[in-house]
Amino acid sequence: MIVRNLEAARQTDRLVVAENGNWDSTRLVLADDGMHHSFHITRIYEGTETPIHYKHHLETVYCISGEGEVETVADGKIWPIKPGDVYILDQHDQHLLRAHKTMELACVFYPAITGTEKHRADGSYAPADEA
């Protein structure tokens, strides 16, 4: 069994801060935990827009707090996001994530990430065999 505390994890290298300052993410479960998925608590900061395109990962995102919206780039459709909402990137959807009020999100990635990935210019992470 693995037990971790969010605030304790934020005091370690499990807290990853975006280079552009738009978000931070505490990686509570990573690939080396052997679970085949990863689990993160991510904060998207108020007033930011982040382009994301996970070409090699699927992601489920649950909004704990805050307000924002997610827009799919392919069709320009916008979904408001508020506490209690979940959005599922089941088609490797290229999207824009905007925070109107700082959002705290619970995120599950498949396959699991290592925790050291950096978003590439296109908003994606490298495939697991390149990470």
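Start with a side chain: is Glu67 buried, exposed or partly exposed? At 37% relative accessibility, Glu67 counts as partly exposed; here buried means under 20% relative accessible area, exposed over 50%, and partly exposed in between, with a 1.4 Å probe and protein chains only.

Some ground rules before we go on. This is a predicted model, in which local features need pLDDT of at least 70 and side-chain atom pairs count only at pLDDT 80 or more, while totals for chains, interfaces and linings use all residues. Residues are numbered from 1 along each chain as its sequence is written, and side-chain values use heavy atoms, leaving out hydrogens and water.

**Zoom out**

Show the whole thing as a cartoon. You'll find 1 helix and 8 strands, in the order α-β-β-β-β-β-β-β-β from the N terminus. Helices (H or I, at least four residues) and strands (E, at least two) are DSSP runs, numbered from the N terminus. The C-alpha trace spans about 40 × 30 × 25 Å along its principal axes. For 131 residues, a compact globule would have a radius of gyration near 14 Å, and the protein agrees, with 14 Å; that radius is taken over C-alpha atoms, and the globule rule is 2.2 Å times the number of residues to the power 0.38.

Colour by burial and 44% of the 131 residues come up as buried. Of the contacts with a separation of 6 or more, 61% are between residues 24 or more positions apart, where contact means heavy atoms within 4.5 Å.

**Back to Glu67**

Select Glu67 together with Lys101. The two form a salt bridge, with their closest N and O atoms 3.7 Å apart. The pair links distant parts of the chain, since Glu67 sits in strand β5 and Lys101 in strand β8 (residues 95–110), 34 residues apart. Lys101 is partly exposed too, at 46% relative accessibility. The term salt bridge stands for a side-chain nitrogen of Lys or Arg within 4 Å of a carboxyl oxygen of Asp or Glu. The structure holds 10 of these salt bridges.

Now pick Glu69 and Arg98. Their side chains meet in a salt bridge at 2.8 Å, N to O. This pair also links distant parts of the chain: Glu69 is in β5, Arg98 is in β8, and they are 29 residues apart. How accessible are they? Glu69 is buried at 16% relative accessibility, and Arg98 is buried at 15%.

Arg10 forms a salt bridge with Glu7, and the closest N and O atoms are 2.8 Å apart. Arg10 is buried, with a relative accessible area of 11%, whereas Glu7 is partly exposed at 45%.

Thr26 is buried, with a relative accessible area of 0%. Its side chain makes a polar contact with the side chain of Arg10 at 3.3 Å. For a polar contact, a pair of N or O atoms lies within 3.5 Å; within protein, one must be able to donate a hydrogen and the other to accept it, and residues adjacent in sequence count only if both atoms are side-chain atoms. Leaving aside residues up to four places away in sequence, Thr26 touches Leu6, Ala9, Arg10, Arg14, Leu15, Phe39, His40 and Ile41.

Next, select β7 (residues 86–89). Tyr87 and Leu89 make up its covered face, and Val86 and Ile88 the uncovered one. In a regular strand the side chains alternate between the two faces of the sheet. Strand β5 (residues 58–72) runs antiparallel to β7, joined to it by 4 bridges; strands pair if DSSP finds at least two bridges between them. Look for Thr60, whose bridge partner in β7 is Ile88.

Which residues have the most contacts inside the largest nonpolar core? They are Ile44, Ile81, Tyr87, Leu97, Met103 and Leu105, in a core of 20 residues. The elements giving two or more residues to this core are β5, β7 and β8, and the largest share, 6 residues, comes from β8. A nonpolar core is a set of buried Ala, Val, Leu, Ile, Met, Phe, Trp, Tyr and Cys residues joined through side-chain atoms within 4.5 Å.

**Last stop**

Finish at Gln91, in the loop between β7 and β8. Gln91 is exposed, at 57% relative accessibility.
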